[in-house]
Amino acid sequence: MRLERTELHGREVPVISLEEGEEAVVVSDLHLGLRYGNRFLAKFREFEEFLKHLAARKPALLVLLGDVFELWSAKASEVFAAAYAPLRALAKLDCKVLYVAGNHDRIVAHLSRKRFFERDNLLVAPEYAVLECGGRRGLLFHGHQLDWKFVKLRWLWRLEPYVYLLSETLYALPWASEWVVALGYVALLPLVMAATKGAPPPLRLAAAASALLLSAPLIVLFWRAVQDRFWYGLVQPLARSRLRGKSLASPAVSRPLSNLLSLIEANGFGNVDFVVFGHTHVPELARGEGGRLIANCGSWVEEPGRPCCTFVRISSGRVELGRWTGSGEEVLAAEAL
């Protein structure tokens, strides 16, 4: 296996080339830590067993294609509780691990800036990665790039990692006192403004900036409390184009995917022979325009009427869509590259 780098949309992305006989396994949307009431929806125990199975099979590459951790709405303690066993199994894998950040775990994308794991078996990609296999070139990405809401509101959802980190710091305060502390900061606002009354404009401007910083904890806690209702209760219904649960046959998926690939190919990237993404939680393997192979990893989240614990396996000349049954692999579909 070879590792190189190229540029895509002005960003450096990893290019991983598999040698003959090597294979890559791709999983996405584990959402470790996701709960409904008192029940974890993420199949973290099943994923742990799957990783143990992979340790015996020894793939050359494991791709974690985004939304592996529920670093959006789940408490950090719940994420760690669900992720402990899978991470322990992951550490025992003797293969390269590529982590491509999703919209629910964008915090991970920041690790790529310092290249903390450059000499280790973990490689982090903020948006895209390229996989070459059997003379074919594939594009790997999480899939939220197909959702126009994430494109148009990029400034908003990219603030989410900072909101999550600050809110989790406040949640760590003893005796659930985060709201008391946040309100206490806001109570200082009149004192700050009164102290600078009649002061020169630059000082008043500095006081206003300080007031905004003092308000930040309360704003962050409020946003963390309402973000799911805002995003899924207001933005998604107004947009009428939520990608979750939609297949490749839906124009909401196929059109932005076609536009994205056309844009990438038109900017000197070359032909994209196959595509692997997630985000929609619908596992699929199909032929697109011009015979291009398109694979969706599905998810590892318990959802009514939809198969879970699915993955994509890529090897020389073949792509498989599989499902982990708890005791072995089931091949759902297979196509030649």
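Tutor: Glu178 lies in helix α7, which covers residues 178-187; helices (H or I, at least four residues) and strands (E, at least two) are DSSP runs, numbered from the N terminus. The model is predicted, so local features need pLDDT of at least 70 and side-chain atom pairs count only at pLDDT 80 or more, while totals for chains, interfaces and linings use all residues. Residues are numbered from 1 along each chain as its sequence is written, and side-chain values use heavy atoms, with hydrogens and water left out.

Glu178 counts as buried because its relative accessibility is 9%; buried means under 20% relative accessible area, exposed over 50%, and partly exposed in between (1.4 Å probe, protein chains only). Apart from neighbours within four places in sequence, Glu178 is in contact (heavy atoms within 4.5 Å) with Leu170, Tyr171, Leu173 and Leu221. Pro217 stands 39 residues from Glu178 in sequence, yet their C-alpha atoms are 8.5 Å apart.

Another helix, α2 (residues 76-91), has a kink of about 45 degrees at Ala83, shortly before the proline Pro86; the bend at a residue is the angle between axes fitted to the seven residues ending there and the seven starting there. Among the buried residues of α2 are Ala83 and Pro86. The buried residues of this helix pack against several elements, including α1 (44-57) and α6 (160-171).
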